[in-house]
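Please keep the model open as you read along.

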Amino acid sequence: MADLNAFLAVERCRSFTQAAVELGITASAISHSVRNLETRLGVRLLNRTSRTVSATDAGTRLAKRLEVGFEEISGALIEVDQHRDRPVGRLRINALSDGARLLLASRLPTFLANYPDVSVEIAVDDKMVDIVAAQFDAGIRFGGTIPTDFVAVRIGEPLRWVAVAAPKYLARTKECKVPADLSSHNCIQIRTGQGVIYRWEFECGDEKVAIDVPGQLCVNETTFGVEMALAGCGVFYCLESRVSDHLAAGRLQIVLPDWAPIEPPFYLYYPGHRQAPPGLRELIETLQNSSGR
């Protein structure tokens, strides 16, 4: 069974190294498992070069059958686990960095303490990941960005987005009264997980605008963008809750406070065609309790 699982991971990842990371073993161990399997079957399952790994025809056919078989086995084990008083197993969660830091960082310790027989792996990634193909049990994303064929459960409150800057930056620049005034400012741009530079969105009453902001610096994650804003490099756009401490201490100030939009909250989502793994329901309840819902 272990050799079959190792082969399936390599075939799916197209890499011994990535498969080893996924399974939590060494690359040499996973290579040894695949060689053992090929020797027992007397058939080459994978074509290997110095740069690529691909399945042979026999390997492709075996992988398709194994995927069905392992899913059946997993479902059977999950059904057995439902009869336990407490969940036992492993959860793999893919989460946006904002979701990881605002929700998981504060509530995951409670979950781990309450359910010691559930191990949790968190992959923090702002790219939109196919959680089924990547073998995650669930993902955490903003509402409105989740594919429609998943079960989505709200786990937070609506989120306020703000433009912020350090007082020392604002002291040497023109006052910003409306979003269009940002055209004369040095903005810290954001490249999203989809690879595009984000258009900053603002809202005041019934008026909504989305603008391409100019800037000398572009970042792809919030923490570094906040650090650059604190250093006086320009205006940054993020969730207000990510910078609440800096705002309270006066290290940052909100630019255009009347234009800060309220957007959808975080959702946890998972494939509906699979039975939820042990611990996922309890994790959802823990995260929902964190938002006071």
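Ring pairs join Phe142, Trp161, Tyr198, Trp200, Phe202, Tyr237 and Phe266 into a cluster. The model is predicted, so local features need pLDDT of at least 70 and side-chain atom pairs count only at pLDDT 80 or more, while totals for chains, interfaces and linings use all residues. Residues are numbered from 1 along each chain as its sequence is written, and side-chain values use heavy atoms, with hydrogens and water left out.

Rings of Phe, Tyr and Trp (its six-membered ring) pair if their centres lie within 6.5 Å; planes under 30 degrees apart count as stacked, over 60 as edge-to-face and the rest as tilted.

| Pair | Type | Centre to centre | Angle between planes |
|---|---|---|---|
| Phe142 and Phe266 | stacked | 4.9 Å | 20° |
| Tyr198 and Tyr237 | tilted | 5.9 Å | 35° |

Phe142 belongs to strand 5 (residues 138–142) and Phe266 to strand 15 (residues 266–271), so their pair ties together parts 124 residues apart in sequence. Strands here are DSSP runs of E, at least two residues, numbered from the N terminus. Both Phe142 and Phe266 are buried, meaning under 20% relative accessible area, with exposed over 50% and partly exposed in between (1.4 Å probe, protein chains only).

Tyr198 lies in the loop between strand 8 (188–190) and strand 9 (200–204), and Tyr237 in strand 12 (residues 236–239), 39 residues apart. Tyr198 is partly exposed at 25% relative accessible area, whereas Tyr237 is buried at 2%.

Notes. Helices (H or I, at least four residues) and strands (E, at least two) are DSSP runs, numbered from the N terminus.
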